[in-house]
Amino acid sequence: MKDIKNTVDSQDLINNWQQVSKQVTQVCKRVDRQADGVILLAVSKTKPADMIATLAQQGQQHFGENYLQEAIEKIGILKARSESKDIVWHYIGSIQRNKTRDIAEHFDWVQTVERDIIAKRLNDQRPAEMSPLNVLIQVNIDNEDSKSGCLPEQLPELINTIKGYERLQLRGLMIIPAKADTNAFARTKQLFEEIQHSHPELNGWDTLSMGMSGDMIEAIANGSTMVRVGTAIFGVRDGL
Ligand SMILES: *Cc1c(COP(=O)(O)O)cnc(C)c1O
């Protein structure tokens, strides 16, 4: 992403977004997939509410945030504005136990659930007047010590527990693979399909969140249904 500047004006931002959207469509066509089978999640962490509003006005619907305090502030601002009130908000950061209430009360999706205690708290704390919280289980597909996510062998038990939680809607899996692992996408797709076949009762099981700015093309070619793209749309993040 060398050609993307640290600060982008709104025309650059719109151009970047159009470029990425076009790439998604083109890859889908090349690998014989329906373009509407892949959701583009714009990862807006550290970026101001105005940039999000600019893209919402262009038709971008899904946004992802990692830092809770910052996210809640921006969600508050944007829900009050007509062009951005219908944004679908995804929490993609790590989850501390004492932050589950904020996530349950402000987000539509959470992609980083990795253990039962967190799922249980989200279920208990999801407000009754909101629709069930959409949940992806994050899988540590490469078994890395440093990575978040449950291990593949922990999935069966976690799925059986979460599917019993009425305020959660289990939608699928999310991964952040190790850079060197060229076959993580294919293995995760296989895992995703095995679960689909062995759990026909999971009606909402339809989402495989994998692929970021640097590898979204390979991810889509390997069956991703949601790519999480930050840098290629918003530019390089300060301090990262
Ligand atoms: C920041 C982040 C992204 C976006 O990464 P880019 O390389 O900027 O596209 C995607 N997924 C998660 C979980 C992230 O934290």
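On a 1 Å grid laid over the protein atoms alone, a pocket is an open set of points with protein on both sides within 12 Å along at least five of seven lines, a cavity is a set of points where a 1.4 Å probe fits but cannot get out, and lining residues have an atom within 4 Å of a point. The model examined here is predicted, so that local features need pLDDT of at least 70 and side-chain atom pairs count only at pLDDT 80 or more, whereas totals for chains, interfaces and linings use all residues. Residues are numbered from 1 along each chain as its sequence is written, and side-chain values use heavy atoms, with hydrogens and water left out.

The largest pocket is lined by 32 residues, of which Ile176, Pro177, Lys179, Met212 and Asp215 lie nearest its centre. Its volume, taken as the space filled by probe spheres set on grid points that are joined across faces, edges and corners, is about 770 Å³. Helix 7 (184-198) and strand 8 (226-229) each supply at least two residues of this lining, where helices (H or I, at least four residues) and strands (E, at least two) are DSSP runs numbered from the N terminus. The lining comprises eleven nonpolar, twelve polar and nine charged residues, with Ala, Val, Leu, Ile, Met, Phe, Trp, Tyr, Cys and Pro counted as nonpolar, Asp, Glu, Lys and Arg as charged, and the others, Gly among them, as polar.

Around the ligand are 13 residues, of which Lys45, Asn66, Ser213, Gly230 and Thr231 come nearest; a residue is near if one of its heavy atoms lies within 4 Å. This shell divides into six nonpolar, four polar and three charged residues. Among the polar contacts (pairs of N or O atoms within 3.5 Å), an N or O atom in the side chain of Thr231 lies 2.5 Å from a ligand oxygen atom, a polar backbone atom of Gly230 lies 2.8 Å from a ligand oxygen atom, and a polar side-chain atom of Arg228 lies 2.9 Å from a ligand nitrogen atom. The protein covers 89% of the 390 Å² of accessible area that the ligand has on its own, as given by the Shrake-Rupley method with a 1.4 Å probe.

Definitions and conventions
A polar contact is a pair of N or O atoms within 3.5 Å; within protein, one must be able to donate a hydrogen and the other to accept it, and residues adjacent in sequence count only if both atoms are side-chain atoms.
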